[in-house]
Amino acid sequence: MIRSERHADIGSDHGHLLAALLAAGRIEFGFAIENKRQPFENSKATLNGYAAEVRFADGLAGLRPAEVDSLSICGMGGGSIVRILEAFPERVPDRLMLQPNKSINVVRRWARNNRFKLLDERCTQGGRRFEILSFQRTDQAEDPAYQQLQQRGCDSELGYEFGPWFLLRQDAELRRLLREELDYLKKMPALTDESRTRMEAISRLEAAGYFFSR
Ligand SMILES: C[S@@+](CC[C@H](N)C(=O)[O-])C[C@H]1O[C@@H](n2cnc3c(N)ncnc32)[C@H](O)[C@@H]1O
């Protein structure tokens, strides 16, 4: 998903994302931003000799406005990702690749409320399912992904929770996982509030009639 001239990776940790992007020629220059000492040192070691700068800073405090064309934030919770983006709105570039480990709905909602169009969403294969979202700043008030979803009978809340493109593409793996999750939750004698909310959301998808069509 990443192809740009100047790219920043916020929370670079080991530094391998930028190293891979530079080695593949997908970016020309990388900025690794870290706010913890050991990951900062690890990023410096990995990126030594690459066209990259490693900065010790808290999120976008480590970037100047318009310094990069795109940025990634991977491997954090959705709440942390949004906090980083909201701390310096004027430093957020037009292109974002975000990989929240949890609370993904918070990221999709933030993007829509801040006029970032959801270009695509993909997930890792095998093992744990990690979702990777790519966004582009837009002037349009409406995001076509959510408009199309609405035409298929699904409201935006379901889009934030499960991903409009995953739903529109009828992502087979997600469909299988949600079917399993729903069967499991239905068998539970008691549910926490969180599990009940989740079960209701999957049931609403089922009721929307197309997601579980066989
Ligand atoms: C779980 S690691 C993920 C590392 C890498 N992005 C990945 O996906 O493999 C999160 C990293 O983000 C860093 N981090 C968390 N909050 C940060 C912030 N506000 N500014 C810079 N780095 C941050 C942490 O120190 C840690 O190295």
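Reader: Which element gives the largest share of the shell around the ligand?
Author: In this predicted model, the largest share comes from β4, with three residues. Strands here are DSSP runs (E, at least two residues) and helices are runs of H or I with at least four, numbered from the N terminus.

Reader: How many residues surround the ligand, and which are the closest?
Author: The ligand is surrounded by 15 residues, and the closest are Gly11, His14, Glu34, Asp58 and Gly59. A residue counts as near if one of its heavy atoms lies within 4 Å of the molecule. Both β2 (27–34) and β4 (70–76) supply at least two residues of this shell.

Reader: What are the numbering and confidence conventions?
Author: Residues are numbered from 1 along each chain as its sequence is written, and side-chain values use heavy atoms, with hydrogens and water left out. The model is predicted, and local features need pLDDT of at least 70, side-chain atom pairs count only at pLDDT 80 or more, and totals for chains, interfaces and linings use all residues.

Reader: How far is Glu34 from the ligand's oxygen atom?
Author: A polar side-chain atom of Glu34 lies 2.5 Å from an oxygen atom of the ligand. For Lys36, an N or O atom in the side chain is 3.2 Å from a ligand oxygen atom. At Gly11, a polar backbone atom is 2.8 Å from a nitrogen atom of the ligand.

Reader: And how much of the ligand does the protein bury?
Author: The protein buries 76% of the 590 Å² that the ligand exposes when taken alone. Those areas come from the Shrake-Rupley method with a 1.4 Å probe.

Reader: Is Ser4 buried or exposed?
Author: Ser4 counts as buried, at 14% relative accessibility. Buried means under 20% relative accessible area, exposed over 50%, and partly exposed in between (1.4 Å probe, protein chains only).

Reader: What about the phi of Asp13?
Author: Asp13 has a positive phi of about 55° although it is not a glycine. Most residues other than glycine have a negative phi. Asp13 is in the loop between β1 and α1 (16–23).

Notes: A polar contact is a pair of N or O atoms within 3.5 Å; within protein, one must be able to donate a hydrogen and the other to accept it, and residues adjacent in sequence count only if both atoms are side-chain atoms.
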